[in-house]
Amino acid sequence: MNLERHYHQMWTHSSRQFDAGRFEYDALIDNVKDMRRGITLLARPSERVRTAVENLLHDLRTTEPQQYYYPNTDIHLTVLSIISCYEGFSLNLIDPAAYTGLVQEVLHAHSSFKIHFSGLTASPSCLLVQGFPLNNELKKIRDDLRKRFRASCLQHSIDKRYSIQTAHSTILRFKAPLSKPAIFLQKIREFRDIDFGTFEVNELELVFNDWYQRAENTVLLGKYTLDSRIR
């Protein structure tokens with residue numbers, strides 16, 4: 001996939017929607033009874049990169065404070081959604097050790113990789129940081145995990161919603177009509193090409209999570225170190 005072209009197409013479509021006042025609002029984001037849960041393998045950007053994202057969000061929040069801005073603790077890159085969040089899923093429905101073991105076996109043969117966070121794109125419901133892998137390691141990890149889970153008897157929903165190929169990070173979700181849409185959109189366009197920096201992913205986390213990856217609803221199942229010496 002040509003990520004630059006893909007992100008540009010996302011932006012072009014969403015920008016037209018925004019200009020027409022068509023935003024998609026998340027009706028469940030403040031619902032304390034939302035019990036959608038799943039299993040995700042994810043990476044955390046470096047503190048320096050997350051701070052750069054935080055600074056951007058602080059600026060946007062001054063214009064539209066009622067939207068949902070991801071806190072520093074929740075900013076992440078999804079490597080693979082093992083079980084997409086759904087109502088009624090809980091850890092007692094699976095054997096967590098079987099999942100952590102399978103992931104460990106796959107990751108043992110893989111190395112760390114670098115991601116460049118540069119620029120913004122969007123969907124009608126959210127704002128995203130564009131991520132660009134600097135080699136093919138992320139793709140190889142995803143492909144190997146897909147093969148192993150499909151060959152196993154473990155519950156999973158990999159690629160059921162969509163086949164993840166990007167390396168983006170969702171940083172804002174719309175949850176209410178914008179009070180100053182023109183100013184807000186102008187700011188986003190000004191920040192479209194902002195460079196957040198490059199970080200090395202040398203650790204992955206397997207987590208039990210809610211739809212928004214909120215830290216308070218996350219249970220760490222496994223943490224995996226990727227060896228930079230493996231090439």
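Me: What do the buried residues of α4 pack against?
Reply: They pack against β1 (36–43), β3 (77–87), α3 (96–107), β4 (113–123) and β5 (126–133), with contact meaning heavy atoms within 4.5 Å. This is a predicted model, where local features need pLDDT of at least 70, side-chain atom pairs count only at pLDDT 80 or more, and totals for chains, interfaces and linings use all residues. Residues are numbered from 1 along each chain as its sequence is written, and side-chain values use heavy atoms, leaving out hydrogens and water.

Me: Which residues of α4 are buried?
Reply: Glu137, Leu138, Ile141, Arg142, Leu145, Arg146 and Phe149. Buried is under 20% relative accessible area, exposed over 50%, partly exposed in between (1.4 Å probe, protein chains only).

Me: OK, sheet next. What's the strand order?
Reply: The open sheet has five strands, β2-β6-β5-β4-β7, with antiparallel pairing. Two strands pair if DSSP finds at least two bridges between them. Helices (H or I, at least four residues) and strands (E, at least two) are DSSP runs, numbered from the N terminus.

Me: Which strands stand at the edges?
Reply: β2 (68–69) and β7 (195–201), each with a single partner strand, so one side of each has no neighbour in the sheet.

Me: And how many bridges join β5 to β6?
Reply: Four, and the two strands run antiparallel. Leu128 stands opposite Thr170 in β6.

Me: Switching topic: what is Leu60 in contact with, beyond its neighbours within four places in sequence?
Reply: Tyr69, Leu127, Leu172, Phe184, Lys187, Ile188 and Phe191.
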